[in-house]
Amino acid sequence: MTIGLYDASRDDIAAAMPNQPAYRVKQVWEALYQQFRAPTDITSLPAALRDELANVLPESLVWKTESTDETGDTVKFLWHLRDGGHPIETVLMLYPDRATVCVSTQAGCAMACGFCATGQAGFNRHLTAGEIVEQVVKAARRAQTMGRRVSNIVFMGMGEPLANEAATRAAVERIHDDIGISARHLTVSTVGIIPGIRQLAAWPLPVNLAVSLHAARDELRNELVPINKRYPIDDLVSACNDYLNERRRRVSFEWALIDRVNDTQRDANELARLCKRLRPSAHVNLIPLNPTPGWPTRGSSPQRVREFADILVGLGVNATVRRNRGTDIDAACGQLAAGQTITPVRFGRNDN
Ligand code: SAH
């Protein structure tokens, strides 16, 4: 198989442009990773050379559709993989003080969390490091047209980053070394794969760790996040504490609030207790569940979300309510790919 442009090393780029002076590679590298140029727009290269490069090292993501929310500060892209045609998503989120890109690490996901559209659709394949990096580059290119520079990357799109650890690590290194985003602005989000968290602790770059908790007792978490049966909460908390000790980075918990499932006083108490077992205490990100057709529950009401946050704060927990960015544009994991409102795209087991 042809390797993709963003999987190519400097040597691969040199090989794609034989008989060229050595400075060409540096020119291409900077155009790709610093200026976010499309290969056909690398105007410092002669046109024939641009075409040759694009032929030998093609891009991996084919643009399919995109949607922008009404405020214009969230853009969600849907791509198809050149290799295999599977859909993947990327989200660009603009805030006053930062611009964050949420990237996918797999086409589909094998973790089978029932409430998640990607989980419902099943697993297609791992992404390569270049396919992850290309999402960042293309989102950064779009941000540039809005006068913004991407500052943060969250590995929170489709897929489980720690089930595709090697590619995720290689993407992190490229994003850090070549695009120049510091490790403290990179966050890997996991469903809670303990061996993966242990591997993460040995990465050369200390990134932030987010854990998709959603329940603080095994009985409920087994239902919401099935991998919990293999990696139960107690062991997960130990792995998070070890990560904190070794890396001195933040650990946060993601909690999608589901109406009358995990938004009660009892849940808040259990979550607060669990947060305090981490040293320093974990930060909690609360977001109302984005409903998906395949899961018969609703997100908590805005009032309940507020109350739940207040209970946590009252118990001494650092909790932030996240805006449900782009419910109107299917921005929850896998929803754009599942084609729930935009151009129907069929894949995996999801026929919505
Ligand atoms: N597999 C990784 C990263 C991808 S999922 C992980 O589990 O962390 C990114 C986040 O979106 C997770 O916290 C996931 O639980 C959450 N999520 C998935 N579907 C959602 C939905 N319908 N509403 C709200 N959050 C959802």
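Student: Which backbone N or O atom lies 2.8 Å from a nitrogen atom of the ligand?

Tutor: That atom belongs to N290. Keep in mind that this is a predicted model.

Student: How much of the ligand does the protein bury?

Tutor: The ligand taken alone exposes 540 Å², and 91% of that is buried by the protein.

Student: Which elements give two or more residues to the shell around the ligand?

Tutor: Strand 8, residues 186-190, and strand 10, residues 251-257.

Student: And how many residues surround the ligand, and which are the closest?

Tutor: There are 19 residues around the ligand, and the closest are G159, S189, S212, H214 and N290.

Student: What does the side chain of S189 do there?

Tutor: An N or O atom in the S189 side chain is 2.6 Å from an oxygen atom of the ligand. T190 also has an atom facing a ligand oxygen: a backbone N or O atom, at 3.5 Å.

Student: What is the shell made of, by class?

Tutor: Nine nonpolar residues, eight polar and two charged.

Student: Back to H214. Where is it in the chain?

Tutor: H214 sits in the loop between strand 9 (208-212) and helix 8 (218-224). It is among the closest residues to the ligand.

Student: Is H214 buried or exposed?

Tutor: Buried, because its relative accessibility is 8% and the cut-off for buried is under 20%.

Student: What about the phi of H214?

Tutor: Phi is positive, about 65 degrees, although H214 is not a glycine. R248 is another non-glycine residue with a positive phi, near 55 degrees.

Student: Where does R248 lie, and is it buried or exposed?

Tutor: R248 lies in the loop between helix 9 (233-247) and strand 10. At 66% relative accessibility, R248 counts as exposed, because the cut-off for that is over 50%.

Student: While we are on backbone geometry, which residues does a cis peptide bond join?

Tutor: R279 and P280, with omega at about -5 degrees. P280 is in the loop between helix 10 (265-276) and strand 11.

Student: New topic. How many salt bridges does the count come to?

Tutor: The count comes to 22. One of them pairs the side chains of K138 and E59, at 3.6 Å from N to O.

Student: Where in the chain are K138 and E59?

Tutor: K138 is in helix 5, residues 129-145, while E59 is in the loop between helix 3 (47-56) and strand 1 (61-68).

Student: What does the side chain of R142 pair with?

Tutor: With the side chain of E66, in a salt bridge of 2.5 Å, N to O. R142 is in helix 5 and E66 in strand 1, so the pair ties together parts that are 76 residues apart in sequence.

Student: How accessible are R142 and E66?

Tutor: R142 is partly exposed, with a relative accessible area of 25%, and E66 is partly exposed as well, at 23%.

Student: Which residues do salt bridges with shared partners join into one network?

Tutor: R217, E219, R266, D267 and E270.

Student: Last one: S300. Where does it lie, and is it buried or exposed?

Tutor: S300 lies in the loop between strand 11 (283-288) and helix 11 (302-314). At 6% relative accessibility, S300 counts as buried.

Student: What is S300 in contact with, leaving aside its neighbours within four places in sequence?

Tutor: L257, I258, D259, D263, P288 and V305.

Student: And which of them has a side chain joined to that of S300 by a polar contact?

Tutor: D263, where the polar contact between the two side chains is 2.9 Å.

Terms used
Residues numbered from 1 in each chain as written. Predicted model: local features only at pLDDT ≥ 70, side-chain atom pairs only at ≥ 80, totals over all residues. Heavy atoms only, no water. Near = heavy atom within 4 Å. Polar contact = N/O pair within 3.5 Å; in protein donor to acceptor, adjacent residues only side chain to side chain. Areas by Shrake-Rupley, 256 points an atom, 1.4 Å probe, with all protein chains shown as cover. Helix = DSSP H or I, 4+ residues; strand = E, 2+ residues; numbered from the N terminus. Nonpolar A, V, L, I, M, F, W, Y, C, P; charged D, E, K, R; others polar. Salt bridge = Lys/Arg side-chain N within 4 Å of Asp/Glu carboxyl O. Buried < 20%, exposed > 50% of the residue type's maximum accessible area, 1.4 Å probe, protein only. Contact = heavy atoms within 4.5 Å.
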